[in-house]
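Here's a quick briefing to read with the model open. Have a look at the fold, then go through the points below.

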Amino acid sequence: MRYRLTFVAGAVLGYVLGTKAGRERYEQMKRSALQLAQNPAVRNTAESAAQQSREFADKAYHVMSDKVGDRVPDSVAQRVHALRERTTHGPAEDDWGTSNT
């Protein structure tokens, strides 16, 4: 899914930069993108994906730490700890300023 979104974003960016339609078409595409980003279904999907990725990172950290022991870099351990704190305290705001409601 991430690769599709990256491709679509790249295609849109290429179109915007290469279009000969002018400023009106750019503004129309910008409005459409904002409407899409504000769609509750899109927001919920993005928030669900973020939550699932946090859970996956936590599981991966545990598997990795079991295999490599104390050789996990402190920066990785701190980041995982911060993510764990974030998920433990309920639905907080994410990096985009939205909540998981």
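Start with Arg54, which sits in helix H3 (residues 40-68); helices (H or I, at least four residues) and strands (E, at least two) are DSSP runs, numbered from the N terminus. This is a predicted model, so local features need pLDDT of at least 70 and side-chain atom pairs count only at pLDDT 80 or more, while totals for chains, interfaces and linings use all residues. Residues are numbered from 1 along each chain as its sequence is written, and side-chain values use heavy atoms, with hydrogens and water left out.

**Arg54**
- Arg54 has 15% relative accessibility, so it counts as buried (under 20% relative accessible area; exposed is over 50%, partly exposed in between, with a 1.4 Å probe and protein chains only).
- Arg54 and Arg84 are 30 residues apart along the chain, and their C-alpha atoms are separated by 8.0 Å.

**H1 and H2**
- Helix H1 (residues 2-18) and helix H2 (residues 23-37) have axes that come within 9 Å and cross at roughly 160 degrees (axes are lines fitted to C-alpha atoms over the stretch in contact, with angles from 0 to 180 degrees between N-to-C directions).
- That makes H1 roughly antiparallel to H2 (over 145 degrees; under 35 is roughly parallel, 65 to 115 roughly perpendicular and the rest oblique).
- On the H1 side, Val12, Tyr15 and Val16 make the contact, and on the H2 side Arg25, Tyr26 and Met29 do (contact means heavy atoms within 4.5 Å).

**Whole protein**
- The protein has 4 helices and 0 strands, following the pattern α-α-α-α along the sequence.
- Of the 101 residues in the protein, 11% are buried.
- Among contacts with a separation of 6 or more, 36% come from residues 24 or more positions apart.
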